[in-house]
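I am opening my notebook to look through this structure piece by piece. Come along and check each entry against the picture.

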Amino acid sequence: MSTATHHKGQPDTAAPAIELRGISKAFGPVQANKDISIRVMPGTIHGIIGENGAGKSTLMSILYGFYKADAGEIFILGQKTAIPDSQAAIAAGIGMVFQHFKLVENFTVLENVILGAEDGRLLRPSLAKARKSLRNLATEYGLDVDPDAVIQDIGVGMQQRVEILKALYRQADILILDEPTGVLTPAEADQLFRILDRLRAEGKTIILITHKLREIMEITDTVSVMRRGEMTATVKTADTSPEALAELMVGRKVLLQVEKQPARPGATMLEVENLHVTDEKGVERLKGISLEIKAGEILGIAGVAGNGQSELLEVLGGMIPGTGTIRVNGQDLDLTGKHSDGRSRRARGIAHVPEDRQREGLIMPYTAWENSVFGYHNDPAYQKNMLLMNNAGILKDADDMMNRFDVRPPNPRLSAKNFSGGNQQKIVVAREIERNPDLLLVGQPTRGVDIGAIEFIHKQIIALRDQGKAILLVSVELDEILSLSDRIAVMFDGQIMGERLPGQTNPQELGLLMAGVAGKAA
Amino acid sequence: MDKMPKWADVILIPLISLLLAAIISALVILAIGEDPIAAVKLMVNGALGSTYGWGYTLYYATNFMFTGLAVAVAFHASLFNIGGEGQAMLGGLGVALICLFVPWPHWSLALLGATAAAAVFGAAWAAIPAYLQARRGSHIVITTIMFNFIAAAVLNYVLVNVLRPTGQMDPATGKFPTATHLPTLHDILSPLGIAFSKAAPANVSLIVAVLACVAVWLLIWRTRFGYELRAYGFSESGARYAGISPFRITMLAMMISGGLAGMMAINNVMGEAERLVMNAVEGAGFIGIAVALMGRNHPFGVFLAAILFGFLYQGGAELALWTSIPRELITVIQALVILFTGALDNMVRMPLEKLFLALRRKEG
Amino acid sequence: MDYLTILQILDSTIRLATPLLLACLAGLFSERAGIFDIGLEGKMLMAAFLSAAVAYVSGSAWLGLLAGIAASMALSILHGLASITFRGNQLISGVAINFLAAGLTVLIAQDWFRQGGRTPSLAGNARFEPITLPFAETLQSVPVLGPLYHDLISGHTALVYLAFACVPATWWVLYRTRFGLRLRAVGENPAAVDTAGVSVVGLRYAAVVICGILCGIAGAYLATALQAGFVKDMTAGRGYIALAALIFAKWRPWYALSATLLFGLLQAVALRYQNIDLGGVIIPVQVMDALPYILTVVILAGFVGKAIPPRAGGEPYVKER
């Protein structure tokens, strides 16, 4: 077997802490896991890496009894173990920290910790015992949390600690963490890794699911790579490199560089000055953003998810109100009033490929032809008369458009939900680009999209730039930012930390900016 | 891929649900010691065996078309308007006021005026819960329920203290002027040489109801507003992205819904009773829920389901007349239809989906 | 208004608040577990009928009570089946249950008793009799407190005392027991309960069954204690008023007591006085009738403190993908 024989933790004496054999799971027609086998030795940190949708979370949810596998076996410390539900997983010493925390928001930390692990029918003794136990765990692992704090009042970093404490309180020896750093600031992530290190030193076994290569290299002992529901490799972390892992993840050598000519920037198309956005909960999401994009230029926004990039796109796209100044083509946009909605933005020549195509960019039960005018359905071109829409005309246009953009299957009468992620995204991109906008907002253009479609979409974006349009690109994929952008701005905590030129920077420097560490002056 | 073909979703599932409701209803009839087959025969005879029966069936169906459309329009915007009852009551008030206090020269003009008044009153009554949902976040189901009761109190007050003619005991308005009396199907059909029962209450409102079905179909599937309404119903975040105002959709959808429910009053208040009484709506607002569910929120489906329920209502009345089965049997059937086509939809759907998936695997 | 009149109105308040309180607590258990229940009305009605029918046939109000609870629980389980097992729309299920009860009660009543959809009047042991508390008679002559004890506190049926005892009991169960913790959790975030190894389905069914029991008692009280027998539609919207009270009470047991007492008082006043003359301004009886609903709308709209329902309420639990 190719699993590790060297451990930073305990010596290799026992059977694997976890062994999965031939796990398969399908959701309807989608095969999420195909015949997956894996072994994890006790006292190690094992990484599972793969793209979004590769089946990592499904596999771990099966191990935690949240889903039932269609086929396969699970062995815990060499013992074949049936895990039909989470209760069985807990009994087998497995704890899981889900990507979306499973906490009761209006309960205290203590109540969340004991939920499901109470000692008797009455709460009082359970709470007292848990309070004591939390104190011990805090000193043992450095997991300090106020037991009486209510979950909705504490930050995500703290909430994650509560999830870890929940597992430890249930005496888990095996801890699964699903994309734990996605919502954390870099400082919180470092803190988390210190805690994981300490847990490993105490002999706990940890499975870390992530799609970030840096994390794998930093903390794991061994790593498995998943692609399209299959396990493509398991290697010792020390014996591999980020490049090799990246190749295993996507299945072939990744073309990091997109073919493109140098930009020929024209007049200023978008000017943003001192832009502020405060969300419904009163949290300030954008803290005075200023930037500009010229015609014929792509400005890439890099940053860890949740640092205000989404809000920047949404306020530009007219989905949320803001304060400050936004000028397109030298004219001010309405940020709060009657003309601050998406329809008005489109009328001003702003097109928007939103971050979440399934919840925003498309109406999933709508047919492709209905979606092909979504947001532009008020255009006079699509009306038959005062009252009715020109459905036949829209259908015909959609048919042409789908052929031009190679959407498969090229059937405009099919519902959006019946297309693959890549083809759904092509419908959205086609709709927005065909509008010939002055400014294109693009959020996570290739999230959950297959390689072929990625290349196609990248080419379309560059072609639009070469026609002299301004493009604002937001992506959490640094590679995408580096290969598409003409300039890169890095966002952290609702602010722009600095701007770099792609040819004169590197992922390390950008990473520091993304972590909120201001580098040399921009 | 879709889990099953469209025809199964649109036709097969409602039919199976209806069949289940029918089987249980038959068992209920058996349990109270009556013969279900004889009961069905009696119902068919009573409701469809004469123009008199048809006249009643179509009269009830007219009510249910309006209230069924009302529920369906709101459903498309993902709003559950359970307040059709109250909106229809207020619609009745609008009809009463406009018939009593405007000297109409001819029924056709009176019908136009009354339709507008009914729609405006119903829409206004639905607008308040809609506003509270869109701006204050109150749950529209609860507010519309509350508004049904408030409507009853309002109507009670107006009938007892304001509109009741002096000297009259029961809480009702006086008779509407003759000029506002609507032609019945008998009046409409006899010039064409078709004999139709004189005693049956079906009237020209039926035509308005059918036109409303067509109008709603056009509205939902052929207009920009319908496009936005359905988009909002499927995904609120999608609507926000496309620049569709949730406030506008919620308000308009509910006002159209309330207007349709209110319009029922031209049938029961103006066409049949020719005065406004306390319990004029007789639960038709609630039957709209069953009709919309049964008709899959499609105007044509609503049309068919309304006729089915019209048949059940008239047939049920006949049953109550000739057997010891009370009219409440219809309430039970209505409950079973709502249960199977609405709440227990998955009970029918899940095994069918599995079946179709298995069939497809076999083919593939 | 003299002291005795006030006592009489308050006494009537307690009688009228009792079914509201029971139904409100029933709804509280269900909705706290994340199952919306607009079928309280139907469950009460079904229980009212069956309790009256069984009490009449057996001559025992207590057997009637059991039958009423069974009837209400059957509808509860139907609601559970629709909304928990088959993940249907809870509101639609509630509507269906209300109609089912409205129809079936009359249908069966007519079949069994042939009195136009009602049960025969109950008498003797077929009804719950008022209980005179110890010393009520002897203390009656004590000024102020005597009549208070005799007229207001003493002299109710067992079910009234039971209903009021349910308030602290509900509070205790909800906030002091393991079951209560889990119940509240499953209404807020069922995924948290599921991943903690506790059955969401089991908890929700338990909540729905408790709701059925309490609605059953409420219905039995209506037919065998407040009144003497079942008549068509005798719940008369009480299930909806209880629902309103539940929102008014922000899903909390002690608040539920205050809310139902307030709504009971409104009913008592409306029953006693038709139109109320407040120094020249006449408040018509219809205003009193509509007041619970208006107050609920006002509360719901957040004009007087925001009522935040359990977060997972109304949503069937599906494991996310």
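**Entry 1: ground rules.** I noted that this is a predicted model, where local features need pLDDT of at least 70, side-chain atom pairs count only at pLDDT 80 or more, and totals for chains, interfaces and linings use all residues. Residues are numbered from 1 along each chain as its sequence is written, while chains are lettered from A and ligands numbered from 1 in the order in which they are written.

**Entry 2: chain C.** I looked at residues 205–224 of chain C and found 100% helix and 0% strand, with the end C-alpha atoms 28 Å apart. Helices here are DSSP runs of H or I with at least four residues, strands are runs of E with at least two, and both are numbered from the N terminus. Residues 153–174 of chain C came out as 82% helix and 0% strand, with 27 Å between the end C-alpha atoms. I then checked the record: UniProt, in an unreviewed entry, lists "transmembrane region" at residues 12–30, 42–59, 91–113, 153–174, 205–224 and 254–270 of chain C. UniProt positions are given in the numbering used here, feature names are shortened, and annotations may be inferred rather than shown by experiment.

**Entry 3: where B touches C.** I found 38 residues of chain B in contact with 36 residues of chain C (contact: C-beta atoms, placed from the backbone, lie within 7 Å). On the chain B side, α5 (107–136), α6 (140–163), α15 (328–343) and α16 (345–363) each give two or more residues. Which element gives the most? It is α6(B), with 11 residues. I sorted this side of chain B into 23 nonpolar, 12 polar and three charged residues. Nonpolar covers Ala, Val, Leu, Ile, Met, Phe, Trp, Tyr, Cys and Pro; charged covers Asp, Glu, Lys and Arg; the others, Gly among them, are polar.

**Entry 4: where B touches A.** This contact takes 16 residues from chain B and 24 residues from chain A. The largest share of the chain B side, five residues, comes from α10(B). By class, I read six nonpolar, six polar and four charged residues on that side.

**Entry 5: a helix pair in B.** Helices α3 (51–76) and α11 (246–263) of chain B have axes that come within 7 Å and cross at roughly 170 degrees. Axes are lines fitted to C-alpha atoms, for helices over the stretch in contact, and angles run from 0 to 180 degrees between N-to-C directions. So α3(B) and α11(B) are roughly antiparallel (angles under 35 degrees count as roughly parallel, over 145 as roughly antiparallel, 65 to 115 as roughly perpendicular and the rest as oblique). Their contact has 11 nonpolar, three polar and no charged residues.

**Entry 6: a sheet in A.** I traced an open sheet of four strands in chain A, in the order β12-β11-β14-β15, with antiparallel pairing (strands pair if DSSP finds at least two bridges between them). Strands β12 (284–294) and β15 (331–332) of chain A each have a single partner, so one side of each is left without a neighbour in the sheet. Helix α9 (309–316) of chain A packs on the sheet and touches β11, β12 and β14 of chain A.

**Entry 7: loops in A.** I spotted a cis peptide bond between R408(A) and P409(A), with omega about -10 degrees. P409(A) sits in the loop between α13 (391–404) and α14 (421–433) of chain A. D493(A) is not a glycine, yet its phi is positive, about 55 degrees.

Terms used
Two residues are in contact if their C-beta atoms, placed from the backbone, lie within 7 Å.
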